[in-house]
Amino acid sequence: MRHSPVALIMLLASAAVVAAQSPGQNRIAPAIQLQAFAFDSGSPGLASRATADDVVTRLMSFDRDQDGKLSPSELPERMQPLIARGDADFDGALDAKEVRTIALAPTAPVTARGFHSGGYGFADEAGFSSSRSHIEGALDDLGLAQETRQEAGAIAGAFMDALEADASANLMKDLESVLNAAQLVELRNALDQPDQIRRFFITRQENLATRMVLRGPLEMKIEQFVLKNEEKKEALAAIDRYKARLRLADADRAALLEPMKTLLTGEQRENLQAALARRPLVKNGAIGRVVGGAVFMGKVVPGMETAQPVPAILVR
Amino acid sequence: MKVPLLAWLPSVASVLALASLTTDWPIDVRAQTDVLPSTARTLRLPEVTYHYADLELPAHFKRDAAQRFDNTPRDNPVTDQGATLGRVLFYDTRLSANNTIACGSCHVQKHAFADPNRFSRGFTGGHTDRHAMNLVNVRYHPRARFFWDERGHNLEQMVLLPVENHLEMGTDLPQLPVVLAREPRYAELFRQAFGDAEITNDRIARSLAQFLRSMVSYRSKYDQGLAGARAASDEFSNFTPQENRGKALFLRNCSLCHLPEQQEAHFIMIEPVNTGLDDDTEHADGGVGDITLVPRDMGHFKSPSLRNVEVASPYMHDGRFATLEAVIDHYSSGGKNHPNKDVRIQPLHFTDSEKAALVAFLKTLTDPTFLADPKFSDPFE
C-alpha cells in the first residue's frame, strides 16, 4: 500500500510520565496514553514506505527473457552480488521469492559512530519554532536596512500579539466545558509562559522498539489533571486547534503583509511571503543520546531532555 | 579520436551484463577527457615531495564537531609518500585493461574531480549510466560509504571497484601488480610509501585512498569569510549582499541536510536520501535500494560535497540537471512523490531573486587553489 508522501507518524504509545508533581497539584496518572510526535524520515533506520512488493517488482523488471529468473547477465554489474546473497536453491539465479526473502530480511541501519539517523520533522510541531520566531527569521533573511527592519518587526509583533490573543481566547472558551475553574487558571498560567519548549519522553516497548513522545507544557497540564477519557480527548483536541491556529495560513500571511505595503518593495514582499510559506524543519538532536539541546538551523535549542541513550524507532 | 555517441557493447559473454549499464539517453560530449596513455608520457614528480599529510586547516575544520567527520582509518593515515604514489596511480592509464583510461580520465581536477560529461566513457567506449561524482573532501564522509548507492564500504575498498568494473576500466585485478611492475619507477614509489618495493593490490588501494583523502578543499571565499566572522550565520565582510542573502537562505532551508551536525566546515550529507527525483519505483534507478534490496532504501542516493559545486556539473546521480539553477528548481518544487521521499523535501517555492542569491552563495564554495593545486594534478607529461 502506498502512503501519502507527506504522511507523518501519529501513534499512540503507552508512556510513563516522568514529570515532577508540584505540591497541591492533581495526581499524576501512572500510565497514560500519549500522542507521539510526528517525526519521520526516509532515512535508514526509520519506517519504510516502499514495500517488499515494490522491491520485487523493481528487480523482476530486469528479467528480460521473462523466464521468472534473474541471471547475472540480466543484472547491472553493481547488482550481480545479489545473486550470491540470495540464491537459496543454488540455481545461479534469483527468482521473485528469493528477492522477496532478501527484501524482508531484517537489517540494521547503517550509522557512523557518534551520528544518528533520521529524526527530522517540522520545527513548529516539535515546539522549536513559533510563528513569531518564523516571521522574525524571515525578516532577518531579507537583509533590510536597520530602520526598515525595526518597523517591519513592530508590525509583525503587533500582528502576532493579536493572533495569539485570538487563539488563546478560543482555547480558553473551548476548555470552559471541560476543566474546572482551578484547572482553567492553571492552564491559563501555562499558556502565558513564554517558554513553550517541549520535553521528551522515551518509553521502551515490547520487542525492544523504543518510541519517542514529545509533550508541551499545555498537554502536560492536561495529563496532570484528573479527567475522564472523553474530557481529556476533548481538551487535547482543543490544544491541537490552538496550535493549528497559531500556524500562519494564507489569509494570515496576506494580513501580515498588507500593512508592509508601503514599507517593503514588491520584491521584498514577494520574498517575505515565500519565506513565510515554508515550514522550518528540524533534526531532533536528542534521539539516541542524552544531550542538552536540539539542532535548529545550526543553533542549539536548549531545554530538550531525553530519558535514556537509546535509539528511537518510529513506527507508522 | 572520434567518440561514438552510441554505447559500444562488448561481445564477450562475460560482459554481456553491461548492456543494462548502457543507456539511450543523450550523452553530453562537450568535454571528453582523452589523455594519452601513461606509457606514452613521462612521469615527472617534484624533487621535494608535495605536502599531503598534516594540512594547515582553518579553525572551523579543527573543531571537534567537524573533526569527527574524518573517516581516515588508523591503519592507513595519509602520508606524503603514500599520497604521492596514489597520485601517480590515479593518473596512470595502466590501471585500465587496455591502457586507455585512468581514474583521472573521468575525475577531472578542474571539475572538482567530477566528470564534466553526464556519463563517463569506459575503456572500450561504453558509457556508464551514472555520473562520476566529485571527489572533494571524501575524507569527511563519516559513514565512509561511497558511490551514489553506497556500495563501497570504505575508500580502500571503493577505489578498486571501478578498476575491475567491466565497463569502466576492465582490469583483471590479480594481473595489475604484474602490469605495474613493468614501470621501473613504481618499485621506488612503493618502497617509499610502504617500506619495500612489493606491489600488491592492497597497497595500490591504500595509496589511492590516501591520495583521495588528501584532496581537501578549504580555501574558498566562504572559508575566508568564516575566518573573519564568529559563525556562518554572521554577515561575511567579504561577501556581496546577494551572497550573504544566499547564505542566510541556505542556512535556513538547506543546512539541515548539507551543513549538518553543528559544524560549519563540511557541506556533505551524512546519509543517502530520496529527494523525489523520480516517482517510478519500478524502472527508475533504485540507488542504495538496488544494492541492499531494503524497501526503505529504494531511491536513496548518496550526496557529494557541495564544495566546488559550481564546477562539478552536471548534477545528481544521473547528471540530469545541467545547472545549479535546475537543481534549485527541483528543491523549490518539492520533487516527485516517490513513496520513500524524505520528509525534508518539501516545496520551498523560492522566488527568482532567492534562487539567484542561493546560486551566488553556492559559488562562494569554489576553491580555485584546490582546483589548480599541482599536487593533485596529472604527473604524466
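Which residue lies over the face of Phe236(B), and at what distance from the ring centre? That would be Lys247(B), at 4.2 Å. A charge counts as over a ring if NZ of Lys or CZ of Arg is within 6 Å of the ring centre and within 35 degrees of the ring normal.

Some ground rules. This is a predicted model, where local features need pLDDT of at least 70 and side-chain atom pairs count only at pLDDT 80 or more, while totals for chains, interfaces and linings use all residues. Residues are numbered from 1 along each chain as its sequence is written, chains are lettered from A and ligands numbered from 1 in the order in which they are written, and side-chain values use heavy atoms, with hydrogens and water left out.

**Rings in chain B**

Over all chains there are 22 aromatic pairs. The rule takes rings of Phe, Tyr and Trp (its six-membered ring) with centres within 6.5 Å; planes under 30 degrees apart are stacked, over 60 edge-to-face, and the rest tilted. Here are two tilted ones:

| Pair | Centre to centre | Angle between planes |
|---|---|---|
| Tyr222(B) and Phe236(B) | 5.8 Å | 45 degrees |
| Phe250(B) and Phe267(B) | 5.8 Å | 50 degrees |

Tyr222(B) belongs to helix 10 (residues 221-227) and Phe236(B) to the loop between helix 10 and helix 11 (241-253), so their pairing ties together parts 14 residues apart in sequence. Helices here are DSSP runs (H or I, at least four residues), numbered from the N terminus. Tyr222(B) is buried at 1% relative accessibility, and Phe236(B) is buried at 2%; buried means under 20% relative accessible area (1.4 Å probe, protein chains only).

Elsewhere, ring pairs join Tyr52(B), Phe90(B), Tyr91(B), Phe113(B), Phe211(B), Phe370(B) and Phe376(B) into a cluster.

**Where the chains meet**

The contact (heavy atoms within 4.5 Å) draws 61 residues from chain B and 68 from chain A. About 5,500 Å² is buried between them, with carbon and sulfur atoms giving 54%; that is accessible area (1.4 Å probe) lost on putting the two parts together, summed over both. Arg252(B), Leu293(B) and Arg296(B) supply 15% of what chain B buries against chain A, more than any other three residues.

Five salt bridges are counted between the chains, using a side-chain nitrogen of Lys or Arg within 4 Å of a carboxyl oxygen of Asp or Glu. One joins Arg278(A) and Glu354(B) at 2.4 Å, N to O. There's a ring contact too: the charged end of Arg68(B) sits over Phe115(A), 4.0 Å from the ring centre.

Technical notes. Helices (H or I, at least four residues) and strands (E, at least two) are DSSP runs, numbered from the N terminus. Buried means under 20% relative accessible area, exposed over 50%, partly exposed in between (1.4 Å probe, protein chains only).
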